Amino acid sequence: MYSLLRNSRVKLSVGHIFWREVGQGPSLVFLHGSWDDSSQWLPTIEHLSPYYQCFAPDLLGFGDSERPNVHYSIDLEVECLAQYLDTLKLQQVYLIAHSVGGWVAASYAIKYPDRVQGLVLLAPEGVQVGHRRARWQTARWLIGQPPLAFWLLRSIYPIAKLLGYQNKIDGLLKFRQQLMQSPIAMQLLFRRRRAEITAELVDDNLPSLKVPVLVLQGSEDSIAVSSLCQSYAAQIPNSELQFVSPGESNLPQEVPDIVAKYIREFTK
């Protein structure tokens with residue numbers, strides 16, 4: 001597949017978008033997750049490109065797409081996606097999306113319902129669930145300046161290891177590293193006013209979605225991710241929740257063959 005993979009760029013009103021494209025057939029558009037770029041989907045696309053034309057853009061500010069000095073929001077990413085699909089003359093697509101890409105995909109389907117044939121969502125952000133406020137507060141603490149949280153976690157690490165809390169500290173340090181390495185995801189999810197983030201949540205609009213929706217949840221997902229998946233599935237009338245085993249939080253990388261199988265069955 002990789003010898004046939006085409007890399008392209010297009011200039012939109014706010015900046016250049018980079019994407020990967022391969023295959024022929026019905027159009028599938030893949031939106032990556034918070035801590036990734038479009039390469040996250042390549043293992044899955046490899047299984048699908050004989051049957052579909054696959055498009056995998058880097059969202060604005062991510063990967064090899066331009067990172068203009070603008071105020072990033074989900075609404076901005078939705079409009080960039082709309083411009084991108086208009087430029088490629090893709091009027092009817094399936095959106096396959098992970099994490100923050102799932103939030104963008106759901107928001108796009110709500111705003112442009114006639115242009116979406118269906119959604120496949122994996123660990124989708126964008127709904128009000130019980131853990132959101134605690135996660136927002138934890139992220140704000142971890143990325144604060146000066147980096148007091150980092151200094152504190154590193155200083156107590158030897159004691160935590162002795163007391164059996166090593167995994168918890170490791171998880172917080174890993175989360176901080178993800179945040180620091182993904183500034184646009186950090187801004188979209190945590191570094192905006194809470195009222196602005198709340199205003200872009202899709203809970204109130206999910207019941208109006210008419211397109212079929214498949215939600216894939218890893219059997220070993222965290223409680224936080226599981227609550228996101230189940231909230232989407234519960235609020236969308238024409239939805240189906242499938243548990244993928246084995247599988248954790250990054251199914252496109254962990255079990256691409258299984259994810260591709262579900263996508264093929266859903267899009268028949």
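Reader: Which residue's side chain makes a polar contact with the side chain of Ser-231?
Author: The model is a predicted one. In it, Ser-231 sits in helix H9, which covers residues 223-235. A polar contact of 2.8 Å links the side chain of Ser-231 to the side chain of Gln-235.

Reader: Is Ser-231 buried or exposed?
Author: Leaving out residues up to four places away in sequence, Ser-231 touches Val-127, Val-129 and Asp-203. The relative accessible area of Ser-231 is 13%. Buried means under 20%, so with 13% Ser-231 is buried.

Reader: Is Leu-4 buried or exposed?
Author: Leu-4 lies in the segment before strand E1 (6-11). Its relative accessibility is 58%. The cut-off for exposed is over 50%, so at 58% Leu-4 counts as exposed.

Reader: What distance separates the C-alpha atoms of Leu-4 and Gly-23?
Author: Beyond its neighbours within four places in sequence, Leu-4 is in contact with Glu-21 and Val-22. Gly-23 is 19 residues apart from Leu-4 along the chain. The separation of the C-alpha atoms of Leu-4 and Gly-23 is 8.0 Å.

Reader: Which side chain is joined to that of Asn-250 by a polar contact?
Author: Asn-250 belongs to the loop between strand E8 (239-244) and helix H10 (251-254). Its relative accessible area is 17%, so Asn-250 is buried. Not counting residues up to four places away in sequence, Asn-250 touches Asp-36, Gln-40 and His-98. The polar contact, at 2.9 Å, joins the side chain of Asn-250 to that of Gln-40.

Reader: How many of the twelve residues of H3 are buried?
Author: Helix H3 covers residues 100-111 and reaches 17 Å from its first C-alpha to its last, close to the 16 Å expected at 1.5 Å a residue. Its buried residues include Val-100, Trp-103 and Tyr-108. H3 is largely enclosed by the rest of the structure, because its buried residues number ten.

Reader: Which helix gives the largest share of the lining of the largest pocket?
Author: The largest pocket holds about 850 Å³ of space. Of the 24 residues that line it, the closest to its centre are Phe-175, Gln-178, Ser-222, Val-225 and Ser-249. Helix H4 (132-142), helix H6 (166-181) and H9 each supply at least two lining residues. The largest share, five residues, comes from H6.

Reader: What is the volume of the largest cavity?
Author: Rolling a probe the size of a water molecule over the atoms shows where empty space is left. Counting cavities of 30 Å³ or more gives one cavity. The volume of the largest cavity is about 70 Å³.

Reader: How many disulfides does the structure hold?
Author: Cys-54 counts as buried, because its relative accessibility is 1%. Cys-80 is also buried, with a relative accessible area of 5%. A disulfide needs a pair of cysteine sulfur atoms within 2.5 Å. The number of disulfides in the structure is zero.

Methods
Residues numbered from 1 in each chain as written. Predicted model: local features only at pLDDT ≥ 70, side-chain atom pairs only at ≥ 80, totals over all residues. Heavy atoms only, no water. Buried < 20%, exposed > 50% of the residue type's maximum accessible area, 1.4 Å probe, protein only. Helix = DSSP H or I, 4+ residues; strand = E, 2+ residues; numbered from the N terminus. Polar contact = N/O pair within 3.5 Å; in protein donor to acceptor, adjacent residues only side chain to side chain. Contact = heavy atoms within 4.5 Å. Expected span 1.5 Å × (residues − 1). 1 Å grid on protein atoms, 1.4 Å probe; cavity = no way out; pocket = protein on both sides within 12 Å on 5 of 7 lines; lining within 4 Å. Points joined across faces, edges and corners; volume = space filled by probe spheres on them.
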